[in-house]
Amino acid sequence: MDLEKGLAMESTMMHYPLTLVHLLERAGRYFSKVEIVSRRADRSIHRETYGDFYRRARALAEGLTRAGLKRGDRVATLMWNHYAHLEAYFGAPVAGGVLHSLNLRLHIDDITYIANHAEDRFLIVDDVLLPLVEQVKPHTHFERIFVVPISGGAVPGGYENYEELLASARGDFRYPEIDEYEPAGMCYTSGTTGRPRGVVYSHRSTVLHAYNAALPGAMSFRQGQAMLPVVPMFHANAWGMPYAATLAGAKHVYPGPHLDAENLLDLIEREEVTLSAGVPTVWLAILQALEREPKRWKLPDGLELIVGGSAAPESLIRGFDRHRVKVVQAWGMTETSPLASIARLDREMAALPEDERYAIRAKQGRPLPFVEARVMVEDQEVPADGKTMGELQVRGPYVTASYYNHPVGADKFTADGWLRTGDVVMMDADGFIKITDRTKDLIKSGGEWISSVDLENAIMGHPAVAEAAVIAIPNPKWDERPLAVVVLKPGARATGEEINKFLADKFAKWWLPDAYEFIAQIPRTSTGKFLKSKLREQFAERNRAS
Ligand code: ADP
C-alpha cells in the first residue's frame, strides 16, 4: 500500500500482512505437540497434534491448488466440529481460497440457494452428511466433492476421499502472496426474514478478531488451556474460537456430531476443558443434567462458559455458579465476526451487592477494542444512562460494510457507515449494553414497549421452568399483548397464574403475560435459538380461533 506522500514523517515499521498463513506457521513451529481432540461419529476419540494439523492443513492447501483452486474461489464445507473442519479453516484460506461453511441444519432449499449464490466450487463434507449432499447435488455446481470419513467407513462411488487428497500431497506447498484484505472466509446469516445474506471475512478481519477473542478481557485464550466450541463451526466461524485457540496455542477439543448434555459433559471432564462456548439452549440442557445428577461429573477447576447468540438468563448464570462454573455473556452477530461485546466485571464492581453483580453479568457487556458502539433513535444518539432505549449500531475493522452480491437499503447500514444491528438496547454509564429485544420481537402494548427478553429471562428463573419464550399476540384493545410459551422441567408443575405471581414483584402489572402455553419443546432455529417466528405463527392462529 502506498503511503501518502508529503507527511511530515513516516513510520519505520515494516509492511507485514495480517494473514492466517502466519497463524498456521506459528502453530506448526511452536506448538507442534499440543493436542487436537475430536469425537468421531461413532463416539470414539480422534487425536492429532498441532504438528499433524499443520502438515494436513498444508496438504489440503496443496491438494486444493492442484485441483484447480484459484484466488478467491470458494471452498464450501458441510461438517460438524472436528479436526478436518479445522484443517479446512486454514487449508482453504492459506491457498488463497475462501472457506465457506454451510449450515447443515438449514433446509435443503436454503443450502442450495446459499451454495449457488456464493458460487461454491469445491465441497468438503462429512461422510455422515452425504444423504444431505445427495439432495443438494443435482441443484448445485460443486466441481469436486471430498468426503471426510469421520465414521471410518469407505467413501462411496462418485465421491473423492479427503484422506486420499491429503495423502497425495508432496509436501512442497508454497503459499501465495496474500494481501491482508483478501477474503478468507464467508458465512451466511440464517435470514429469519428474507433471503440469507453472505458476509465475507478478510484475512485481516479474521486475525484481528482472533486477537480480540484471545484477550484476557474477552474469551481469554492461552497456552495450557483446553477449549471446546459447542457453537458449530458453521455458525459465525464457531465465534472465532478455532482461530483464537490456534493463535494462542491452546488445546482444541471438538464434539463432532454429539451435542447432547451427556456427551459434552463427558468430553469436558475427560479432556479437562477450561473454556467452552455456545447458545443458551445448550447450557440450559447441561445445567439440568448437572442438577439431576450433581455428583456424576467432576468438572475442571476454572471452567468458563461463554454464552451468546441469544440472551443468557440470569438464572443460568446463578445456576452454573452453584456448580463452580462461570458463565460469561457475550454478544455478536455473523456481521461482526461475531464477538463484539462481553460482560466481565471490573475490579471495582466486585464490591457491589450480589444482586447487582448478577444484573451486570446478565447484560451483553462492553464493546471490545475497535468495536465502536452507539445507541440511536432515528438520527440521534441517546444518552448512556442505562434506561433510554434505541437501536444498537456498530462499526469496526471486523464489522461487515455490506453483503456479498446483495444490495441492501438504509435499514442495514447508515449513511455515515455504521451497521444497524436491529437490536434494541440500553447502554449504561460504564458502556455496558443491555439488549431489550430484536426490533421484530418487541411487544407493543397500549403504545408502550414490553421486553420479551426480560420476561423470558425472569420466567426461566422459576424453579419449575426449563425454557420460556415470550411473543406478541395481536390484541384488539392493546394492539399486542405478551404470551408466554413455557416448557416445564420433567416432573415439575406450575400454572400460568403461579408463574405470574412469581413475576409480580419484578415487573409492572401490565407487563405480565396474559396467557401461558405449556408445550414439550420450543422450536429452535438452525443455530439453536428459540424460533419465535414459528411460535408466532402457531399461536396467532390459536388466538384468532379463541
Ligand atoms: P441469526 O440471525 O441467525 O440469529 P446471528 O447469529 O448473526 O444470526 O444473530 C445475531 C443476533 O443474535 C444479534 O443481532 C442479537 O439479536 C442476537 N444475540 C447475539 N448474542 C446475544 C446475547 N448475548 N443476548 C441477546 N441477543 C443476542
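What percentage of the 546 residues in the protein is buried?

## Overall shape and burial

In this predicted model, buried residues account for 58% of the 546 residues in the protein, where buried means under 20% relative accessible area. The protein exposes about 24,000 Å², and carbon and sulfur atoms supply 51% of that area.

The secondary structure of the protein comprises 15 helices and 26 strands. With a radius of gyration of 24 Å, close to the 24 Å that the globule rule gives for 546 residues, the protein is as compact as a globular protein of that length. Along the principal axes, the C-alpha atoms of the protein fill a box of roughly 70 × 65 × 50 Å. When contacts between residues at least 6 apart in sequence are considered, 67% of them join residues at least 24 apart.

## An enclosed helix

Helix α4, which covers residues 108-117, has 7 of its 10 residues buried, so this helix is largely enclosed by the rest of the structure. The buried residues in α4 are Ile-108, Ile-111, Thr-112, Tyr-113, Ile-114, Ala-115 and His-117.

What do the buried residues of α4 pack against? Their partners include the strands β4 (98-101), β5 (120-126) and β8 (183-188), together with the helix α5 (130-136). Just after α4, Glu-119 takes a positive phi of about 55°.

## The shell around the ligand

The ligand is surrounded by 17 residues, and the closest of these are Ser-190, Ala-330, Thr-334, Asp-423 and Lys-529. By residue type, the shell around the ligand divides into 5 nonpolar, 9 polar and 3 charged residues. The strands β14 (326-332) and β21 (433-438) each supply at least two residues of this shell, and β14 gives the most, with 4 residues.

## Polar contacts and cover

Which atoms of the protein lie 3.2 Å or 2.9 Å from a nitrogen atom of the ligand? A backbone N or O atom of Ala-311 is 3.2 Å from a nitrogen atom of the ligand, while a polar side-chain atom of Gln-329 lies 2.9 Å from a nitrogen atom of the ligand. On the oxygen side, an N or O atom in the side chain of Arg-438 is 2.8 Å from an oxygen atom of the ligand. Taken on its own, the ligand has 580 Å² of accessible area, and the protein covers 94% of it.

How values were computed. Residues are numbered from 1 along each chain as its sequence is written. This is a predicted model: local features need pLDDT of at least 70, side-chain atom pairs count only at pLDDT 80 or more; totals for chains, interfaces and linings use all residues. Side-chain values use heavy atoms; hydrogens and water are left out. A residue is near a molecule or strand if one of its heavy atoms lies within 4 Å of it. A polar contact is a pair of N or O atoms within 3.5 Å; within protein, one must be able to donate a hydrogen and the other to accept it, and residues adjacent in sequence count only if both atoms are side-chain atoms. Accessible areas come from the Shrake-Rupley method with a 1.4 Å probe; for residues, only the protein chains shown count as cover. Ala, Val, Leu, Ile, Met, Phe, Trp, Tyr, Cys and Pro count as nonpolar, Asp, Glu, Lys and Arg as charged, and the others, Gly among them, as polar. The radius of gyration is taken over C-alpha atoms; the globule rule is 2.2 Å times the number of residues to the power 0.38. Buried means under 20% relative accessible area, exposed over 50%, partly exposed in between (1.4 Å probe, protein chains only). Contact means heavy atoms within 4.5 Å.
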